[in-house]
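Subject: Structure for your review

Dear colleague,

Please find below the structure that I am handing over to you.

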Amino acid sequence: MKKAIGIIIFGLLLSSNAFAAIAPGMFGTKYILHEFTGQERGLIHLRPARKTLEGTLEFRYISKMFEGHLMQHGFKNTSDESKAQYIGLINYGLVTDGVYSTTYDMKIDNKIGHSIISEASEYLLMPPKRKIFSKGKYIRVMELSIYDLKKDKKVQHIYQGKIVSKGKCGEMQSVAKNLIKMLFKKWPGKNGSKNILSAAGGIC
């Protein structure tokens, strides 16, 4: 009898592990455009892509995670913009029906006098009081653009990556880690590609 009970318990443990292995995680669709040659290395300064993100604790938290991933690919973060060889613009938030874009002219604080003209979507940063999204799910977006600051004052946009994910969590800090992880999976990826990815452990 004891042997039979032991076999049943062991079977239950195996089945629970099997379900854990196939449990759904967080899914996202990644869109990539880039002109990387494989030689890109150096100092990068990360900035918010739009004014709403400037100076926020959430942006500093998210940019720290970007720093770690970029370091693995040869981009060392610098807080001194004047020393940067590359500028990384980060944008994120929730997609709404009324989302619009703003054009920003960003002056780079260096001796050459670079400037970057970029267009950023003004995503919502907090869930609305009433759910306006289909089936109670939020559409979360995480974006990174990288610009190469040339010595002749020219600026070249060399990378544009975006991950779009739909789920029940509307707080970006809850999903940022997994969104960034998916964005850097097999980075930089094939130019012009669109891939559906998942992040193990992502439950939102």
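A residue is called buried when its relative accessible area is under 20%, and exposed when that area is over 50%. Please keep in mind that this is a predicted model.

By that cut-off Phe36, with a relative accessibility of 16%, is buried. Trp187 counts as buried as well, at 10%. How are the rings of Phe36 and Trp187 arranged? Their centres lie 5.3 Å apart and their planes meet at 70°, so the pair is edge-to-face. Phe36 belongs to the loop between E1 and E2, whereas Trp187 belongs to the loop between H3 and E9; the pair therefore ties together parts that are 151 residues apart in sequence. Trp187 also pairs with Phe184: here the ring centres are 5.2 Å apart and the planes are at 35°, so this pair is tilted. Phe184 is buried too, with a relative accessible area of 6%. Across the whole structure, 8 aromatic pairs were found. Ring pairs join Phe36, Phe66, Phe75, Tyr86, Tyr159, Phe184 and Trp187 into a cluster. Another ring, that of Tyr31, has the charged end of Lys162 over it, 5.6 Å from the ring centre.

The backbone deserves attention next. Most residues other than glycine have a negative phi, and most peptide bonds are trans. Trp187 and Pro188, however, are joined by a cis peptide bond, with omega at about 0°. Pro188 is found in the loop between helix H3 (172–183) and strand E9 (194–199). Lys186 lies in that loop between H3 and E9, and has a positive phi of about 55° although it is not a glycine. Is Lys186 buried or exposed? With a relative accessible area of 73%, Lys186 is exposed. Lys153 also has a positive phi, of about 80°, without being a glycine; its place is the loop between strand E7 (138–149) and strand E8 (155–167).

I turn now to the sheet. In it, 7 strands form an open arrangement in the order E3-E2-E4-E7-E8-E1-E9, with mixed pairing. Strand E3 (75–77) and E9 are the edge strands, each of which pairs on one side only. From one strand to the next, the twist averages 30°. E4 and E7 run antiparallel to each other and pair over 9 bridges. Gly93, for example, has Val141 in E7 as its bridge partner.

Finally, there is the nonpolar interior. In soluble globular proteins, nonpolar side chains tend to be buried together. The largest nonpolar core here holds 35 residues, of which Ile62, Phe66, Leu70, Met142, Leu144 and Ile146 touch the most other members. Strand E1 (26–34), strand E2 (42–48), helix H2 (57–71), strand E4 (86–94), E7, E8, H3 and E9 each supply at least two of its residues. Which element gives the most to this core? H3 does, with 7 residues. Leaving aside neighbours within four places in sequence, Met142 is in contact with a number of residues, including Ile62, Phe66, Tyr92, Ile163, Ala176 and Leu179. Another core, of 11 residues, lies apart from the largest one; among its members are Ala84, Ile108, Ile116 and Tyr147.

Yours sincerely,
A colleague

Methods. Residues numbered from 1 in each chain as written. Heavy atoms only, no water. Helix = DSSP H or I, 4+ residues; strand = E, 2+ residues; numbered from the N terminus. Buried < 20%, exposed > 50% of the residue type's maximum accessible area, 1.4 Å probe, protein only. Core = buried A, V, L, I, M, F, W, Y, C linked by side-chain atoms within 4.5 Å. Contact = heavy atoms within 4.5 Å. Pairing = 2+ DSSP bridges. Axes fitted to C-alpha atoms, helices over the stretch in contact; angles between N-to-C directions. Phe/Tyr/Trp six-rings, centres within 6.5 Å; stacked < 30°, edge-to-face > 60°. Lys NZ or Arg CZ within 6 Å of the ring centre and 35° of its normal.
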